[in-house]
Amino acid sequence: MKELQPINQNVLLELQDDSSEQTTASGIIIPHSVKSKEKAGKVAGISNIDNAEISVGDSVLYKEFSGTELEFEGKNFLLVPYSDILGKVVETDAI
């Protein structure tokens, strides 16, 4: 089994595959290539970073136009610098 392990202060994010077309209520088809991409992903790997605020399995938001998209063993990933991670999605209790 092969595994991607990021190095040099990089984070490997697993992206959701959203390749389906959408149709508006009036019947206009919006192809995948025109839709804006969500700037969120699930951490699949992280390089050796001291005091990292994220860990594998966390959902994070990243800078627009950041990283390098790649496909590995049928899954879509994005390799981004740790400094391009903007925030972590955290579940909280309702008030």
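These are my notebook entries on what I looked up in this structure, which is a predicted model.

**Entry 1: the overall layout**

I began with the secondary structure. The protein chain has zero helices and eight strands. Reading from the N terminus, I get β-β-β-β-β-β-β-β. Then I checked burial: of the 95 residues in the chain, 23% count as buried.

**Entry 2: salt bridges**

How many salt bridges does a search of the whole structure find? I got three. I took them one at a time.

I started with Lys-39 and Glu-64, whose closest N and O atoms are 3.9 Å apart. Lys-39 lies in the loop between strand 3 and strand 4, and Glu-64 lies in the loop between strand 5 and strand 6, so this pair ties together parts that are 25 residues apart in sequence. I also looked up how open each partner is. Lys-39 is partly exposed at a relative accessible area of 26%, and Glu-64 is partly exposed too, at 47%.

Next I went to Lys-88 and Asp-58, which form a salt bridge with their closest N and O atoms 3.9 Å apart. Lys-88 is in strand 8 (residues 85-89) and Asp-58 is in the loop between strand 4 and strand 5, so I noted a link between distant parts of the chain, 30 residues apart. Is Asp-58 buried or exposed? Asp-58 has a relative accessible area of 17%, and the cut-off for buried is under 20%, so Asp-58 counts as buried. Lys-88, at 41% relative accessibility, is partly exposed.

My last pair was Lys-63 with Asp-84, where the closest N and O atoms are 3.6 Å apart. Lys-63 sits in the loop between strand 5 and strand 6, while Asp-84 sits in the loop between strand 7 and strand 8, so the bridge ties together parts that are 21 residues apart in sequence. Lys-63 is partly exposed, with a relative accessible area of 38%. Asp-84 is buried, at 14% relative accessibility.

**Entry 3: back to Asp-58, by way of Ala-44**

I wanted another look at Asp-58, and Ala-44 gave me one. The C-alpha atoms of Ala-44 and Asp-58 are separated by 8.4 Å, and the two residues are 14 residues apart along the chain. Ala-44 belongs to strand 4. At 32% relative accessibility, Ala-44 counts as partly exposed.

**Entry 4: positive phi angles**

Here I needed one bit of background. Most residues other than glycine have a negative phi. I wrote down two residues that go the other way.

Gln-9 is one of them: its phi is near 60°, a positive value in a residue other than glycine. Gln-9 lies in the segment before strand 1. Gln-9 is partly exposed, with a relative accessible area of 44%.

Phe-65 is my other entry, with a positive phi of about 65° although it is not a glycine. Where does Phe-65 lie? I found Phe-65 in the loop between strand 5 and strand 6. Phe-65 has 80% relative accessibility, and exposed means over 50%, so Phe-65 counts as exposed.

Which residues make the nonpolar surface patch of about 280 Å²? I listed Leu-61, Leu-86 and Val-89. I followed up on Leu-61, which is in strand 5 (residues 59-62). Leu-61 is partly exposed, with a relative accessible area of 40%.

**Entry 5: the second largest pocket**

I finished with the second largest pocket, which holds about 240 Å³ of space. Its lining has 13 residues, and Lys-2, Glu-3, Leu-4, Phe-72 and Phe-77 lie nearest the pocket's centre.

Which strands each supply at least two residues of this lining? My answer is strand 1 (10-14), strand 4 (40-46) and strand 7 (75-81). Strand 4 is also the strand where I found Ala-44.

I sorted the lining by type as well. The lining divides into six nonpolar, two polar and five charged residues. Among those nearest the centre, Leu-4, Phe-72 and Phe-77 go under nonpolar, and Lys-2 and Glu-3 go under charged.

How values were computed. Residues are numbered from 1 along each chain as its sequence is written. This is a predicted model: local features need pLDDT of at least 70, side-chain atom pairs count only at pLDDT 80 or more; totals for chains, interfaces and linings use all residues. Side-chain values use heavy atoms; hydrogens and water are left out. Patches are made of residues with over 30% relative accessible area and no salt bridge: like charges are joined within 9 Å, nonpolar side chains (Val, Leu, Ile, Met, Phe, Trp, Tyr) within 5 Å. Accessible areas come from the Shrake-Rupley method with a 1.4 Å probe; for residues, only the protein chains shown count as cover. A salt bridge is a side-chain nitrogen of Lys or Arg within 4 Å of a carboxyl oxygen of Asp or Glu. Helices (H or I, at least four residues) and strands (E, at least two) are DSSP runs, numbered from the N terminus. Buried means under 20% relative accessible area, exposed over 50%, partly exposed in between (1.4 Å probe, protein chains only). On a 1 Å grid over the protein atoms alone, a cavity is a set of points where a 1.4 Å probe fits but cannot get out, and a pocket is an open set with protein on both sides within 12 Å along at least five of seven lines; lining residues have an atom within 4 Å of a point. Grid points are joined across faces, edges and corners, and a volume is the space filled by probe spheres set on the points.
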